[in-house]
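Hi,

Here is the structure I promised to pass on to you. Please have a look at it first, and then read on for what turned up in it.

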Amino acid sequence: MIKLTRLNGEEFVVNAELIQCIESRPDTFITLTSDDRLIVRESVEEVVKRSIAYSRAIRLVPGL
């Protein structure tokens with residue numbers, strides 16, 4: 001899960017594995033695999049960065 005911010009300042013979390021597409025127009029639009037669309041304050045680059053960090057964290061093998 002990654003934490004994001006709606007345009008009204010409300011924070012929420014979304015499952016990064018459900019992100020299908022991220023667009024900048026100029027607000028950041030996120031389309032999920034369910035075809036739901038979210039508009040967030042974070043830039044496309046920030047959403048990608050958080051998604052990659054999430055992916056790395058869940059694939060991390062403890063103790064190595």
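In which strand is Thr28 found? Thr28 sits in strand β4. Before I say more about that residue, please keep in mind that this is a predicted model.

**The chain as a whole**

To get your bearings, the chain holds one helix and five strands. Reading from the N terminus, the order is β-β-β-β-β-α. The C-alpha trace spans about 40 × 25 × 20 Å along its principal axes. The chain has 64 residues, and 30% of them count as buried. Its accessible surface comes to about 4500 Å², with 52% of that belonging to carbon and sulfur atoms. As for charge, there are 9 positive and 10 negative side chains, and the centres of these two sets lie 4 Å apart. If you take the contacts between residues at least 6 apart in sequence, 36% of them join residues at least 24 apart.

The side chain of Thr28 reaches the backbone oxygen of Glu42 at 2.6 Å. Leaving aside neighbours within four places in sequence, Thr28 is in contact with several residues, among them Ile22, Glu23, Leu38, Ile39, Val40 and Val47. Glu42 is also one of the residues in contact with Thr28.

Thr31 has its place in strand β4 too, which covers residues 28-32. With a relative accessibility of 11%, Thr31 is likewise under the cut-off, so it counts as buried. What does the side chain of Thr31 make a polar contact with? The partner is the side chain of Arg37, at 3.4 Å. Beyond its neighbours within four places in sequence, Thr31 is in contact with Leu18, Ile19, Gln20, Cys21, Glu23, Asp36 and Arg37.

**The hairpin at the start**

The other spot to look at is the pair β1 and β2. Strand β1 (residues 2-5) and strand β2 (residues 11-14) run antiparallel and are joined by four bridges. Ile2, for instance, has Val14 in β2 as its bridge partner. The two strands form a hairpin with five residues between them. In the turn, Gly9 has a positive phi of about 95°.

Best wishes

Note on methods: Residues are numbered from 1 along each chain as its sequence is written. This is a predicted model: local features need pLDDT of at least 70, side-chain atom pairs count only at pLDDT 80 or more; totals for chains, interfaces and linings use all residues. Side-chain values use heavy atoms; hydrogens and water are left out. Buried means under 20% relative accessible area, exposed over 50%, partly exposed in between (1.4 Å probe, protein chains only). Contact means heavy atoms within 4.5 Å. Accessible areas come from the Shrake-Rupley method with a 1.4 Å probe; for residues, only the protein chains shown count as cover. Lys and Arg count as positive and Asp and Glu as negative; His and the chain ends are not counted. The place of a charge is taken as NZ of Lys, CZ of Arg, CG of Asp or CD of Glu. A polar contact is a pair of N or O atoms within 3.5 Å; within protein, one must be able to donate a hydrogen and the other to accept it, and residues adjacent in sequence count only if both atoms are side-chain atoms. Two strands pair if DSSP finds at least two bridges between them.
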